Amino acid sequence: MAQQVCGQLNLRSIFGHRIESSCLFTQFSPEAARRFKGKVVVADPPLGVAPLQNASEISGNIVLMLRGKGTFVSKAKTAQDCGAIGVIFGNTAEGTFAAEGDDATTINIPCVMVEKSVFDKVLSQSMLDPLAWFADVDQVLSGTILSAGGVRQALDQGQILHLEITVLRGKGLKRAEPLSKLDPYVEITVGEQTRRTKTHRDGGSDPVWNQRLKFKLDKGRLEQKVAVRCLDEETLNNAQLIGLSRALDLAPAFATSTASLHVDLSNEYNLPAGSLQLSVLVKDRPAKRTNTGFKFGRGQVEVLVEGAEGLRCPPGL
């Protein structure tokens, strides 16, 4: 187990494409530089082996490099020497890990790793335009993330782990009834635990939540599928189904402790009803947030209430 720092990567292209994914900061990424943004340039060659053929294009931008043929520290040093302001490493397989390296004291730019699918999407789009993508990376959580294969081992030893599912956004949501306004929210059930997001008022077909739901995970729940429902809140006590996924497979997250999942939804007639983008983390203890969640200004404090249990209405009301 290792102390690892999870980030949120938001990518947008000049052609209107968007990618949202979790990422992990490398072990040698400076603590003082956990937020960075800018244009993304794919290294030439993509493996980032010096000398880079497009060093002049990298200066002042974020460089995207593929894992392999060299250490992570040497690749980061090459990017830094070219004037890069940050590095995004693409894994050669699904899942991520916090890359380590020796002699990393000379690295003073932030570095993160993303899954192979994210790297592939950016690479293919960059073939159309070398500066097609813009990235915004920010630290979200820090905590002890289990190493690959560590989830099952920890549960077999009787540990209770913490499953965190962040509902990022929906895309193309639609109800069976046409022309209906959507106030969508997402409800996720793990075993007997059910959590839900806040309602996105007038969220429409492409709502954004960016809300983290927390569950406890034990050996019995590891083998259970996870149910996901997206609903349209019509009144406080009434909601209509938009779509659901009855058997979400969390195997990718159990294998690597972190995963980005695309969830296709179907309605009551088993027809496509849109999709959801989720980010999943498995930890051996609750994550420590990097901010307080409070906003101060002129003596006011704003608190986001994510849920409640056991509330009762007094008689007569």
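Modeller: Residues are numbered from 1 along each chain as its sequence is written, and side-chain values use heavy atoms, with hydrogens and water left out. In this predicted model, local features need pLDDT of at least 70 and side-chain atom pairs count only at pLDDT 80 or more, while totals for chains, interfaces and linings use all residues.

Biologist: How many salt bridges does the count come to?

Modeller: Side chains of opposite charge can pair when their charged atoms come close. A salt bridge is a side-chain nitrogen of Lys or Arg within 4 Å of a carboxyl oxygen of Asp or Glu. By this rule the count is ten.

Biologist: In which helix do Lys116 and Asp120 both lie?

Modeller: The side chains of Lys116 and Asp120 form a salt bridge, N to O at 2.7 Å. Helices (H or I, at least four residues) and strands (E, at least two) are DSSP runs, numbered from the N terminus. The two residues are four apart, about one turn, in helix 3 (residues 116-126).

Biologist: Is Glu233 buried or exposed?

Modeller: Glu233 makes a salt bridge with Arg196, the closest N and O atoms being 3.7 Å apart. This pair joins distant parts of the chain, strand 12 (residues 226-235) and strand 10 (residues 193-196). Buried means under 20% relative accessible area, exposed over 50%, and partly exposed in between (1.4 Å probe, protein chains only). At 8% relative accessibility, Glu233 is therefore buried.

Biologist: Which residues are linked with Arg35 in a network of salt bridges?

Modeller: Salt bridges connect Arg35 in a network. The residues linked with Arg35 there are Asp136 and Asp138.
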